[in-house]
Amino acid sequence: MRMRLFLVAVLIAVTAAPIFAYSIYLKDGSRLIAGEKFRIEEDRAIIVLQNGTQTFIDLAEIDIPRTHEANKNRYGTAFVIEDGKLIEAPVTQVEQKQTLTDVSRNTGASPRTRAPATRASAAQAGPAADVQRTASGVVDLSVFPRAPYRNLEISAETSRFLRALGIDQFQIYQGTQAQRAFLEMTANSESSAFRGLEAAADTLLHLRNQYADQIEVLEVLLISSNRERAGQFVLTAETATDLAERSLDASTFFIENVQF
């Protein structure tokens, strides 16, 4: 019953509230999703991501005219779920509708703790002994300190591969141990959660083929646009293979491997 209620809580109705974002377009054609307009310091653009993490890129990398055009009204960009699809559109007025917490309340389930916006800090190599843990004793990824993934080559390849799979709502951080990457993915519905898990499994196997001596595990946090935890997982080469080769379907994998 607990798991059933949890899965109900993950599901967001098609009338879910829009996901506010500030779209930053780069000259190479890619796009970053920020929580607000970037600010300029010397030759760098300081960017605050949707989860509150602050990062920066060279200002020269940004396609400023395109970025300005995409965000010319003060509300920026919004993403709305319609018929199970994530649709991007400029907005001028937004009405708050059903949230993940509302869904939980209506089913009688206790709403899960909202993950606070956490500023980047240095992730320590080795086991995380002094971080906050869940009731079951695992590291709580929703409040784990965010720090950029150390290996820029792996980080870039992860982003490229996920986008090739059609996944664009994610962030990559240093994991809880040196050879772990932490992947935070937006999931506003049951189907997007399962799709995200399958994409994460494919990504880990792809990275292991190229960087087997540098990355062993992919830690995954599924989170809604309203910062509600939708599940966290630890993908190893073995479990990723089971999921990628469909030895286990995504729903079964979710139930058997979600960490509380």
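**Figure 1. Asp168 and its salt bridge to Arg31.** In this predicted model, Asp168 is partly exposed, with a relative accessible area of 34%. Its side chain meets that of Arg31 in a salt bridge, with an N to O distance of 3.4 Å. Asp168 lies in the loop between H4 and E8, and Arg31 belongs to strand E2 (residues 31–34), so the pair ties together parts that are 137 residues apart in sequence. The structure holds seven salt bridges.

**Figure 2. The salt bridge between Glu184 and Arg146.** Glu184 is found in strand E9. The side chains of Glu184 and Arg146 meet in a salt bridge at 2.5 Å, N to O. This pair links distant parts of the chain, 38 residues apart: Glu184 is in strand E9, and Arg146 is in the loop between helix H3 (100–107) and H4. Glu184 counts as buried, at 6% relative accessibility. Arg146 also counts as buried, at 1% relative accessibility.

Figure 3. A salt bridge joins the side chains of Arg227 and Glu184 (3.1 Å, N to O). Because Arg227 lies in the loop between E10 and E11 while Glu184 lies in strand E9, the pair ties together parts that are 43 residues apart in sequence. Arg227 counts as buried, at 14% relative accessibility. Arg146, Glu184 and Arg227 are linked in a network of salt bridges. Glu184 and Leu222 are 38 residues apart along the chain, and their C-alpha atoms are separated by 6.1 Å.

**Figure 4. The largest nonpolar core.** This core contains 32 residues, of which Met185 and Leu222 touch the most other members. Two or more residues come from each of helix H4 (152–164), strand E8 (170–174), strand E9 (180–186), helix H5 (190–211), strand E10 (217–223), strand E11 (229–235), helix H6 (237–244) and helix H7 (250–257). H5 gives the most to this core, with nine residues. In soluble globular proteins, nonpolar side chains tend to be buried together.

**Figure 5. A patch of negative charge on the surface.** Asp28, Glu42, Asp43, Asp58 and Glu61 gather in this patch. Asp43 lies in the loop between strand E3 (39–41) and strand E4 (44–48). With a relative accessible area of 53%, Asp43 is exposed.

How values were computed
Residues are numbered from 1 along each chain as its sequence is written. This is a predicted model: local features need pLDDT of at least 70, side-chain atom pairs count only at pLDDT 80 or more; totals for chains, interfaces and linings use all residues. Side-chain values use heavy atoms; hydrogens and water are left out. Patches are made of residues with over 30% relative accessible area and no salt bridge: like charges are joined within 9 Å, nonpolar side chains (Val, Leu, Ile, Met, Phe, Trp, Tyr) within 5 Å. Accessible areas come from the Shrake-Rupley method with a 1.4 Å probe; for residues, only the protein chains shown count as cover. A salt bridge is a side-chain nitrogen of Lys or Arg within 4 Å of a carboxyl oxygen of Asp or Glu. Lys and Arg count as positive and Asp and Glu as negative; His and the chain ends are not counted. The place of a charge is taken as NZ of Lys, CZ of Arg, CG of Asp or CD of Glu. Helices (H or I, at least four residues) and strands (E, at least two) are DSSP runs, numbered from the N terminus. Buried means under 20% relative accessible area, exposed over 50%, partly exposed in between (1.4 Å probe, protein chains only). A nonpolar core is a set of buried Ala, Val, Leu, Ile, Met, Phe, Trp, Tyr and Cys residues joined through side-chain atoms within 4.5 Å.
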